[in-house]
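Colleague: Could you take a close look at a single part of this model for me? I would like one connected account, with the cut-offs stated.

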Amino acid sequence: MSDVGMRRANNQDSAVVQISDSSDRWQRRGHLFVVADGMGAHAAGELASKLAVEQIPHHYFRPSDAPVAEALRKAIQEANQEIYQRGQQNPEFHNMGTTGSSLVLGPEGAWVGHVGDSRVYRLRKQSLEQLTFDHSLVWEMEAAGPIDKRLSRNIPKNVITRSLGPNAQVMVDVEGPWPLQPGDTFLLCSDGLTGQVDDIEIGVLMDCLPPKDACRVMVDLANLRGGPDNITIIIVRVDESEIGSEAFAGGNRSHRKAPQISMPLAIATGTCLLAAALFALLGSYPAAAAAGLASIVLGVLMLTGFGSPQQAVATTTNAPRSSTSPYRRYDCSDSRPLVKNLIGTVNALRDAANEKQWTVDWSEINALEHKAKQAQQDGNRRDAVHFQSEAIIATMEQLREQRRRQASDSTIDF
């Protein structure tokens, strides 16, 4: 879903979903999901984000033997080049930019390619993990070392340090792969969501609701809390029957890479074998036995991949950071604070409606809130979240209806 929000005249966000339409394409490239949040005056931001979601899939799915990580990084860099060149050609589009957060789900698992402060999350068993690093001034300063809390509160939260388009070259974070498990739920979103709905609320909604319903509630909740920015959300829930068991951790055909041979261990093993043969020729059998035993030990280590160049979870082109992905983790097992916050949001609108004398039909909303309260008393957390979320949707519908009435209401002075 993508929504303009409550205060913007146009939507500068863009998104795309590219599901592999063949087994061969799935094996080579998997499925691709992209969210982009544009920046720039006039229509520049809108154009930049549109180019990102067009160019990243175009380059990523081009025939190539490159591995997923390399293909994804190159696709994002080539999209950056296209946006940069378009910005140079037209003065009105100069310095236009966009975030670009991409998720690939394939046989190896999940990969993320990322520039900017849009985000990719994974929810697994009521634990929400942020897989991307915000390229923002706040996050970069926190990553550089401890900073005074009073200072951090004064750092502008909307200043981003990296985006696609303003410069000819861009550093891209490519991270993964994370093995998939049935039920894993991924979220890609622009900061129009995360600026208004906190991470634990996001995790509980993703856990308790189907993806389509979670999208609707998150958009409405962000709007009810002010909706100062465009809001774009993609939610992807993993189903083993749809994707294939080779992508899953612990599956019958879970994907495993052959161990890479460590060159130093290979040289050491060969040296020990030669030494064993030489000592045997010279009649020094104890030394030959020792060298032979050393060669066996080194050979076992070599074949098991010890000392080989391991693929890091975070393969980024950035300067070293204090941690690797996932960067933040949240326990989303307790839904009571979310339900309380949703009730508070509805009550705030009640107060506003009374103050401004809006004509609002509260009957449906009241009935849904009563069901949510009863479900919570019965210990049924999912139903409580479901009914209170329905109340949020109904509340937003009432607000839209009120705005329609105001727009159509006109007075004529005589």
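**A close look at Glu129**

Modeller: The side chains of Glu129 and Arg122 are joined by a polar contact of 2.6 Å, where a polar contact is a pair of N or O atoms within 3.5 Å, one of which, within protein, must be able to donate a hydrogen and the other to accept it, with residues adjacent in sequence counting only if both atoms are side-chain atoms. A further polar contact, of 2.8 Å, links the side chain of Glu129 with that of Arg329. The model is predicted, so that local features need pLDDT of at least 70 and side-chain atom pairs count only at pLDDT 80 or more, while totals for chains, interfaces and linings use all residues. Residues are numbered from 1 along each chain as its sequence is written, and side-chain values use heavy atoms, with hydrogens and water left out.

Glu129 belongs to strand E8, residues 127-130, strands being DSSP runs (E, at least two residues) numbered from the N terminus. With a relative accessible area of 7%, Glu129 is buried, a term that means under 20% relative accessible area with a 1.4 Å probe, counting protein chains only. Leaving aside residues up to four places away in sequence, Glu129 touches Val120, Tyr121, Arg122, Pro326, Arg328 and Arg329, contact meaning heavy atoms within 4.5 Å.

As for the setting, buried residues make up 48% of the 414 residues in the chain, and of the contacts in the chain with a separation of 6 or more, 72% are between residues 24 or more positions apart.

Technical notes
Helices (H or I, at least four residues) and strands (E, at least two) are DSSP runs, numbered from the N terminus. Buried means under 20% relative accessible area, exposed over 50%, partly exposed in between (1.4 Å probe, protein chains only).
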